Amino acid sequence: MGSTAPTLNRLRQSLAGIDPSLKPALPGCGREVGLDPAIDAALGGGLSCGALHEVAPSGPGYLGAASGFALALASIASGQRREVLWIGTDYAGTEGGRPYGPGLDLFGVASAKLVVLRVPKPVDALWAMEEALRCRALSCVIAELTGEGTVADLTATRRLSLAAREGASARTSGFGLLIRHNATAVPSAAATRWSIAPALSRPDAYGGLGRVRFDLSLRKNRRGPVGRWIIEWDHHEHVFLPALPVGVAQAVVDRSGRAPLVQTG
Amino acid sequence: MWLRRLSTDRVERHSSKPVETFVVVASVQSAQRIVALTDGAARLGLKAGMGLADARAMYPKLPVVEADPEADRQLLEGIADWCDCYTPLIGLDPPDGLLLDVTGCAHLFGGETALARDLVRRLAQQGLRARAAVADTVGCAWGLARYGKQGIVPAGESKAAMLSLPIAGLRVDAGIVADLKTSGLTCVADLMSRPRAPFAARFGRELLFRLDQALGHIDEPISPRQPLPAAMAEQRFADPIAREADVLGTIEKLASQLVTVLDRRGEGGRLFQVALFRADGAVHRLELGTGSPLRDPPRIRKLFEERLAVLGDACDPGFGYDTVRLSALATERTDPMQTGLGGDDHAEELAHLIDRLGARFGLRRVTRIVPQDTHIPEYAVAAVPAHAVRTATTPLPFIEQDTLAPAQPLRLFERPQPIDVTAEVPDGPPVQFQWRRTKYRVIHAEGPERVAMEWWRDDRGSELTRDYFRVESFQGARMWLYREGLYGREVARPHWYLHGLFA
């Protein structure tokens, strides 16, 4: 068994000679976007810059959570100072809403540093993303596709991954996030694939809404194991915090003795 | 330049079998009259202005075509476009003339004579009969092209050339021409040999005004069809080029010439135009705006590459282009910058990316978010074209945070989505709602946050007050809902809408 690891390494090296995108990520090479110690360990140090990552909501109605997770990653990657590009098709904007400046500012993505591109067709979004990933002025490129985003197939995502790798240099990232409005089984060359659901929050001391919680399922990871975590987003400090799941039973309010439900509107 | 048979040439160009003799008719004062005719018809003794009935009486089988002034006009515009390869300063002289200012251009074609000959010859190849004259003044050239000897009037000799022209060559009303004829005055020389005052008294100022214009006593500018570029460069080819790579290579070469000129003035281009002159006379024009003054030929090439990629078939090279021209229509001062030396110039790289995306998708699609002075959510920010936002935008006004969750949504629907809502009390927060056929039960709700509409902007007074709620469903999904209208005061049964999604 002792000789397996070197053999594997040698094989990986020779594969990397054939296809540079299979180059094994060595510790210390390239930048990482860190989420949370537990998740970073599974990811081998964090989400690698110079790569493409996919995010999709795990169910209908969770698009807000998926967008929020992607934007939180963009916030960490950009550090509030560097520019972020958001690419969406016209249809994605009508279907899921457009990025909203005041909300972005509160969430931790400076809206003054955001460039929004609306494209007519999904293929245009892929083209624009590929161009933008090569641009070293952007810290993060987010593209969203409606439905399963089947136009982003293995070939297309491979192109995007290569563009991201090209765009990454010692000081810049080439960090690409692809949001699909529906989870998909389409094969993809992305480095990771995330399925996002919101998680019940812990209300604050006054009964108001608590910090945003994400229920993350890592469905695919080229550098390590998959897994599932629940984390909170602290939009003041722009960091993820680990969170314990809140049982639904805890949060149910006793409604006996209240007025009967009234239909309005 | 006079296109003497414009209407009939147009018809002939489009007909499959050649007909030598026909006339074009139109209703003039409720009578069918001949407005244009072919050389063949003219030889039969027909004239423009003759009634169709008279013509039919002479030649019962005379073929007739309806006049189409709009098509004539389009053809004239098309020819004017094509003439752009001689000079950028072209004026239309409807219905059948074009005015070209060839000052400073003629030497490129081997002199004025050669230019005029080339123009007439190339038009003839396209089936258009033209007469061209070059003179100091518009009036003189106009008269000579129509009534005089074609050719060149050397500078300062327009007066001599005008003498033999008939009075009609002065661009005056047919009525005046006829009146002068009855007095025995037929040519310009007759007019000039007599005192001016009686003419002014008898025929008004038009006659003398036209005469002065033709003689150059009064300046007559040509109003150009296309904006005059600040700088331009062009390249002609003996053999037309058709490959996209060749066209782009030419554009880059022209760009470097153009940039040399602009650099000397300390300017960069904001608006570029490429005109591609196709061998068969069609002209394609591509325009391109940029976010910042541009002085880098490879970038100019790259932008046009995007534009060409989008146009695809709309810009069919056909038999190829024989002239490519690049002009800078708008320029702006730039201060010379040091480029290179290893620094990462991120701002410039981003500006270039925005230009490229703009060239491909249209500048309006690349936007930045600019805050507006209103608290109505859908108007609180505007999407402003990114190239127009020159400096970093002012930060949005700070919105106070009262909870651990952001108070504004990440995504906002342009059109609020109607939803079915159940609430405990009519003006309370929702307990359950249905959106896109999915039911959501609300576990936490915060609100209402009241947004009153701006009555000073709402002239009909129909806008209803909104009460916004932030709700979290049993699954944890957070949404921004509002109830439109105050219960009982503004409406009997308020409607509910979903306006945004939180993370």
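In chain B, four strands make up an open sheet, ordered 10-13-11-12 and paired antiparallel; strands count as paired if DSSP finds at least two bridges between them. Helices (H or I, at least four residues) and strands (E, at least two) are DSSP runs, numbered from the N terminus. At the edges sit strand 10 (231-241) and strand 12 (283-294) of chain B, each of which pairs on one side only. From one strand to the next, the twist averages 15°. This is a predicted model, in which local features need pLDDT of at least 70 and side-chain atom pairs count only at pLDDT 80 or more, while totals for chains, interfaces and linings use all residues. Residues are numbered from 1 along each chain as its sequence is written, and chains are lettered from A and ligands numbered from 1 in the order in which they are written.

Inside that sheet, strand 11 (residues 267-278) of chain B and strand 13 (residues 321-333) of chain B run antiparallel and are joined by eleven bridges. Gly268(B), for instance, faces Glu332(B) in strand 13 of chain B. Helix 13 of chain B packs on the sheet, where it touches strand 11 and strand 12 of chain B, and its direction makes about 130° with that of strand 12 of chain B. Contact here means that the C-beta atoms of two residues, placed from the backbone, lie within 7 Å.

Helix 13 of chain B also has helix neighbours. Two packed helices are described by the angle between their axes and the distance between the axes. The axes are lines fitted to C-alpha atoms, for helices over the stretch in contact, with angles running from 0 to 180 degrees between N-to-C directions. Helix 12 (residues 244-265) of chain B and helix 13 (residues 297-311) of chain B have axes that come within 8 Å and cross at roughly 145°. The crossing is right-handed; a crossing gets that label if the near helix is turned clockwise from the far one by less than a right angle, and is left-handed if anticlockwise. Helix 12 of chain B contributes residues including Leu248(B), Ile251(B) and Val259(B), and helix 13 of chain B residues including Ile300(B), Phe304(B) and Leu308(B). Sorted by class, this contact holds nine nonpolar, one polar and four charged residues. Ala, Val, Leu, Ile, Met, Phe, Trp, Tyr, Cys and Pro count as nonpolar, Asp, Glu, Lys and Arg as charged, and the others, Gly among them, as polar.

With helix 14 (residues 346-361) of chain B, the axis of helix 13 of chain B comes within 7 Å and crosses at roughly 25°. Among the residues in the contact are Arg299(B), Lys302(B) and Glu306(B) of helix 13 of chain B, along with Asp355(B), Arg356(B) and Arg360(B) of helix 14 of chain B. The class count for helix 13 with helix 14 of chain B is four nonpolar, one polar and seven charged.

Chain B as a whole has 14 helices and 21 strands, and 36% of its 503 residues are buried. A residue is buried if 20 or more other C-beta atoms, placed from the backbone, lie within 10 Å of its own, exposed if 12 or fewer, and partly exposed in between. Helix 6 (residues 138-147) of chain B is largely enclosed by the rest of the structure, because eight of its ten residues are buried. Trp142(B) and Leu144(B) are among the buried ones, and the partners that the buried residues pack against include strand 6 (97-100), helix 7 (158-163) and helix 11 (205-215) of chain B.

Between the chains, 63 residues of chain A are in contact with 64 residues of chain B. On the chain A side, helix 5 (residues 101-107) gives the largest share, seven residues, and the whole side divides into 34 nonpolar, 17 polar and twelve charged. Strand 5 (residues 98-99) of chain A pairs with strand 16 (residues 411-423) of chain B, antiparallel and over two bridges, with Pro99(A) bridged to Arg411(B). Strand 6 of chain A pairs antiparallel with strand 14 (residues 366-371) of chain B over three bridges, and Val115(A) has Arg368(B) as its bridge partner.

Within chain A, strand 6 (residues 114-119) is mostly covered, with six of its six residues buried. Strand 4 (residues 83-89) of chain A runs parallel to strand 6 of chain A, joined by six bridges, and Ile87(A) is the bridge partner of Leu117(A).
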